[in-house]
Amino acid sequence: DMADTLEEAAAAMEEEEEEEKKKKPLCEEDRVAVQVLQYCVHLLSVRDMPCRLIVLETVRQGITLLQHNQEQLLPLIHQLWPPLQQRLNDPQLPVVTKAVGVVATVAMVAGDFVRQRISKDVWRGFMRLLQQRVPTKFSQQYKLYVALLKALQVICSKVEMATKDILAMA
């Protein structure tokens with residue numbers, strides 16, 4: 001049957017295209033970004049607060065740079081998630097604020113890939129932080145509050161969260 005033959009040919013061509021994509025080497029910029037993000041997995045746990053802030057910003061920028069290459073990006077997000085999650089509980093508010101921004105970036109570029117992680121690992125913590133009294137303007141707590149609201153805006157627009165999680169905000 002002609003239709004079956006055409007479908008088989010189209011499927012074979014798609015498979016060949018996917019194989020070519022896999023074989024295609026990374027451009028230099030992507031290769032360096034992947035290596036840097038792999039190092040950042042370990043550096044997110046250093047004791048020095050300014051270093052943690054720099055590493056978090058590096059992660060945010062690296063993820064943004066690789067957003068067009070999901071094949072490389074998603075495994076890196078998987079590796080970065082546990083130490084990033086730890087930074088959300090950091091004793092230093094500037095680090096928590098920066099980590100919230102990184103979570104927003106991850107949600108923006110990875111969308112539903114991180115739905116379950118956001119729902120399970122960060123949603124309740126975000127809600128807990130937002131339920132505290134509104135901090136005074138220009139304080140570190142205020143900056144965190146603003147970062148949380150921005151992150152929730154991105155999460156709600158880019159990640160299909162379960163209704164029960166969204167209702168937990170009420």
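**A helix pair to start with**

Helix α4 passes α5 in a left-handed crossing, where left-handed means that the near helix is turned anticlockwise from the far one by less than a right angle, and right-handed means clockwise. This is a predicted model, in which local features need pLDDT of at least 70 and side-chain atom pairs count only at pLDDT 80 or more, while totals for chains, interfaces and linings use all residues. Residues are numbered from 1 along each chain as its sequence is written, and side-chain values use heavy atoms, leaving out hydrogens and water.

**The whole chain**

- The protein chain has eight helices and zero strands; both are DSSP runs numbered from the N terminus, with helices being H or I of at least four residues and strands being E of at least two.
- Along the sequence, the pattern reads α-α-α-α-α-α-α-α.
- Of the 170 residues in the protein chain, 37% are buried; buried means under 20% relative accessible area, exposed means over 50%, and partly exposed lies in between (1.4 Å probe, protein chains only).
- Among contacts in the protein chain with a separation of 6 or more, 70% come from residues 24 or more positions apart, a contact being heavy atoms within 4.5 Å.

**α4 with α5**

- The axes of α4 (residues 70-87) and α5 (residues 93-110) come within 11 Å and cross at roughly 155°; axes are lines fitted to C-alpha atoms, for helices over the stretch in contact, and angles run from 0 to 180 degrees between N-to-C directions.
- α4 and α5 are therefore roughly antiparallel to each other; angles over 145 degrees get that name, those under 35 count as roughly parallel, 65 to 115 as roughly perpendicular, and the rest as oblique.
- On the α4 side, the residues that meet α5 include Leu73, Ile77 and Trp81, and their partners in α5 include Val95, Ala99 and Val106.
- This contact of α4 with α5 is made of 13 nonpolar residues, one polar and one charged; Ala, Val, Leu, Ile, Met, Phe, Trp, Tyr, Cys and Pro count as nonpolar, Asp, Glu, Lys and Arg as charged, and the others, Gly among them, as polar.

**α5 with α7**

- What about α5 and helix α7 (residues 140-158): within what distance do their axes come? They come within 9 Å and cross at roughly 10°.
- α5 and α7 are therefore roughly parallel to each other.
- In this contact, α5 contributes residues including Val100, Ala104 and Met108, and α7 contributes residues including Leu144, Ala151 and Ile155.
- By class, the contact of α5 with α7 holds 14 nonpolar, three polar and two charged residues.

**Salt bridges**

- The count comes to seven salt bridges, each being a side-chain nitrogen of Lys or Arg within 4 Å of a carboxyl oxygen of Asp or Glu.
- Glu28 pairs with Arg31, their closest N and O atoms lying 2.5 Å apart; both residues sit in helix α2 (residues 28-43), three residues apart, about one turn of the helix.
- Glu57 pairs with Arg60, with closest N and O atoms 2.5 Å apart, and these two are also three residues apart, in helix α3 (residues 49-65).
- Asp121 forms a salt bridge with Lys120, with 3.8 Å between the closest N and O atoms.

- Leaving aside residues up to four places away in sequence, Asn69 touches Leu26 and Asp30.
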